[in-house]
Amino acid sequence: MIIVLISSLLGFWQEKGAASAVSELLKMVQLHCTVLRDNRKTELEVTAVVPGDVICLSAGDIIPADGLVLESEALFVDEAAFTGESYPVEKIQELKVLTPP
């Protein structure tokens, strides 16, 4: 009975330590992005990005959502995970003029 009790206590202690370690790791790998809201640049988690936000990207950033390119200078995106392309694809600003029907 004592061996079972000690084993249970050790298992609980190890499980608690592992759970706290995972929690700390998840805090370190949360993705953030720079968003332009109310004419101010703000650092947000990618889960807080909403439609209408203007996302400011720099080299090496992860694109947090679908969007339109408003302005760019030599913007290349690695789409290998989606399309299998081995080379980055250049993205350019497209101006679409909407005409009334």
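**Note on the predicted model: cysteines, salt bridges and a surface patch**

1. The sulfur of Cys33 lies 9.1 Å from the closest cysteine sulfur, that of Cys56, which is too far for a bond. The model is a predicted one, and its count of disulfides comes to zero. A disulfide would need the two sulfur atoms within 2.5 Å.

2. Cys33 is buried, because its relative accessible area is 6% and the limit for buried is under 20%. Cys56 has 23% relative accessibility and therefore counts as partly exposed.

3. Thr34 is part of strand β1. With a relative accessible area of 24%, Thr34 is partly exposed. Leaving out residues up to four places away in sequence, Thr34 touches Lys41, Thr42, Glu43, Val54, Ile55 and Cys56.

4. The side chains of Thr34 and Glu43 are joined by a polar contact of 3.3 Å. Thr34 and Val54 are separated by 20 residues in sequence, and their C-alpha atoms are 8.6 Å apart in space.

5. How many salt bridges does the structure hold? There are two. One is formed by the side chains of Asp53 and Arg37, with an N to O distance of 2.9 Å. This pair links distant parts of the chain, 16 residues apart: Arg37 is in strand β1, and Asp53 is in the loop between β2 (40-45) and β3 (54-56). Asp53 is buried, at a relative accessible area of 17%, whereas Arg37 is partly exposed, at 28%.

6. The other salt bridge is between Lys91 and Glu79, whose closest N and O atoms are 2.7 Å apart. Lys91 lies in strand β5 (residues 89-91) and Glu79 in the loop between β4 and α2, so the pair ties together parts that are 12 residues apart in sequence. Lys91 is partly exposed, with a relative accessible area of 29%.

7. Apart from neighbours within four places in sequence, Glu79 is in contact with Gly84, Val89 and Lys91. The side chains of Glu79 and Lys91 are also listed as a polar contact, again at 2.7 Å.

8. Which residues make the nonpolar surface patch of about 530 Å²? The patch is made by Val22, Leu25, Leu26, Met28 and Val29. Val29 is placed in the loop between α1 (2-28) and β1 (32-37). The relative accessibility of Val29 is 56%, and Val29 therefore counts as exposed, the limit for that class being over 50%.

How values were computed: Residues numbered from 1 in each chain as written. Predicted model: local features only at pLDDT ≥ 70, side-chain atom pairs only at ≥ 80, totals over all residues. Heavy atoms only, no water. Patch = residues over 30% accessible without salt bridge, like charges linked within 9 Å, V, L, I, M, F, W, Y side chains within 5 Å. Areas by Shrake-Rupley, 256 points an atom, 1.4 Å probe, with all protein chains shown as cover. Salt bridge = Lys/Arg side-chain N within 4 Å of Asp/Glu carboxyl O. Helix = DSSP H or I, 4+ residues; strand = E, 2+ residues; numbered from the N terminus. Buried < 20%, exposed > 50% of the residue type's maximum accessible area, 1.4 Å probe, protein only. Polar contact = N/O pair within 3.5 Å; in protein donor to acceptor, adjacent residues only side chain to side chain. Contact = heavy atoms within 4.5 Å.
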